[in-house]
Amino acid sequence: MKITREVKTALLAIAAIILFIFGYSFLKGNNLLNSDRTFYAVYENVGGLSKSSVVSINGLQVGNISDITFLNNQGDLLVTMTISKDFEFSKNSIAKITSDGIIGGKSMTIVLGSQGPVAQSGDTLTGKVEKSLLESVGGKLEPLQAKVESAIVSADSLITGFNEVLDPDAREDLKTTFDDLSKTMASFKNAANTLEQLLAKNDEKLDRTFTNLDEMAVNFNQLSDTLAQIEINKLVNNLQGVVSDFEQISSNIQEGKGTLGKLINDDQVYQNLERATKQLEELLQDIKLNPDRYVHISVFGGKADEYKEPEDPEK
């Protein structure tokens, strides 16, 4: 069969078109002959992620970013990922945009999810953006910055109020106070020097004093040892014997034994003593009222006075 020139021209044109499509896809990083899988993720902000950025799983590169486009009028971004490795992961895995370093670019990391359905080409993964080191540090420094600014404002207000309070007269008074304080400290220093000189001059006396105190302490310890050696038990036993004797005497008196016991407990003795006391009082009163009955001295033979009856002491 003879192929005409028109057919050859058509076949050549089709081959050229196919080669152009393959070449263009290859230059874009896509190989139409391989079995790459395509996944998608939606973000509000990709943080500088660009096409051809690396896609990795556990640090191993498994693909790259093939496209980033706007998804809707709200500005959400659709990121297209091409995975060349045949490693399977669950559909609930997370597509996290991470930083390569402090000043490096962005890359995509697939954070493997728990057990679940296997992700298929064309699925949309959950998108998440990891804060960079500078963003994390900046977020932590913002509260500290606010506190520092507040402290600076408070210090400025304090200095302003301090300047308003310290008028020229107050400043002069404060200066005078510091001068007086300096003089006082100088006086304390002189007193300390004087005390040091006094101690230096009386060093020997102080040594003797402390020596005497040590000797007194030794003597006191000896005295304590001597007191400790006294027969305390014997002394206590003697005291108990005295107390027992006193109890025996008291018991005898209560039972009417002995002269003192009879005097206290015998009513007849008490009545005799009371009667004798009464008679003695009457005798003394009769001697006072009628002394002539007992002592009579007459020089001229005079007549004795009339007898007077003594009064009853109980009346």
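Q: How many bridges join strand E1 to strand E7, and do the two run parallel or antiparallel?
A: First, the ground rules. This is a predicted model, where local features need pLDDT of at least 70, side-chain atom pairs count only at pLDDT 80 or more, and totals for chains, interfaces and linings use all residues. Residues are numbered from 1 along each chain as its sequence is written, and side-chain values use heavy atoms, with hydrogens and water left out. Strands (E, at least two residues) and helices (H or I, at least four) are DSSP runs, numbered from the N terminus. Two strands pair if DSSP finds at least two bridges between them. Here, 2 bridges join E1 (residues 37–43) to E7 (residues 124–129), and the strands run parallel. Within E7, leucine 125 is the bridge partner of alanine 41.

Q: How many bridges join E5 to E7?
A: E5 (residues 94–99) and E7 are joined by 4 bridges and run parallel. Valine 129 in E7 stands opposite isoleucine 97.

Q: Which residues have the most contacts inside the largest nonpolar core?
A: A nonpolar core is a set of buried Ala, Val, Leu, Ile, Met, Phe, Trp, Tyr and Cys residues joined through side-chain atoms within 4.5 Å. Buried means under 20% relative accessible area, exposed over 50%, partly exposed in between (1.4 Å probe, protein chains only). The largest core here has 20 residues, and those with the most contacts inside it are Tyr43, Val55, Val79, Met81, Ala95, Met108 and Ile110. E4 (77–83) gives the largest share, 4 residues.

Q: What is valine 79 in contact with, beyond its neighbours within four places in sequence?
A: Contact means heavy atoms within 4.5 Å. The partners of valine 79 include Phe39, Tyr43, Leu49, Ile65, Asp67 and Met108.

Q: Where does aspartate 67 meet lysine 51, and what do they tie together?
A: A salt bridge is a side-chain nitrogen of Lys or Arg within 4 Å of a carboxyl oxygen of Asp or Glu. The whole structure holds 1. It joins the side chains of aspartate 67 and lysine 51 at 3.4 Å, N to O. Aspartate 67 lies in strand E3 and lysine 51 in the loop between E1 and E2, so the pair ties together parts 16 residues apart in sequence. Why does aspartate 67 count as partly exposed? Because its relative accessibility is 24%.

Q: Which helices each supply at least two residues of the nonpolar patch?
A: Helix H3 (168–201) and helix H4 (203–228) do. H4 gives the most, with 4 residues. Leucine 213 is in H4, and counts as partly exposed because its relative accessibility is 46%.
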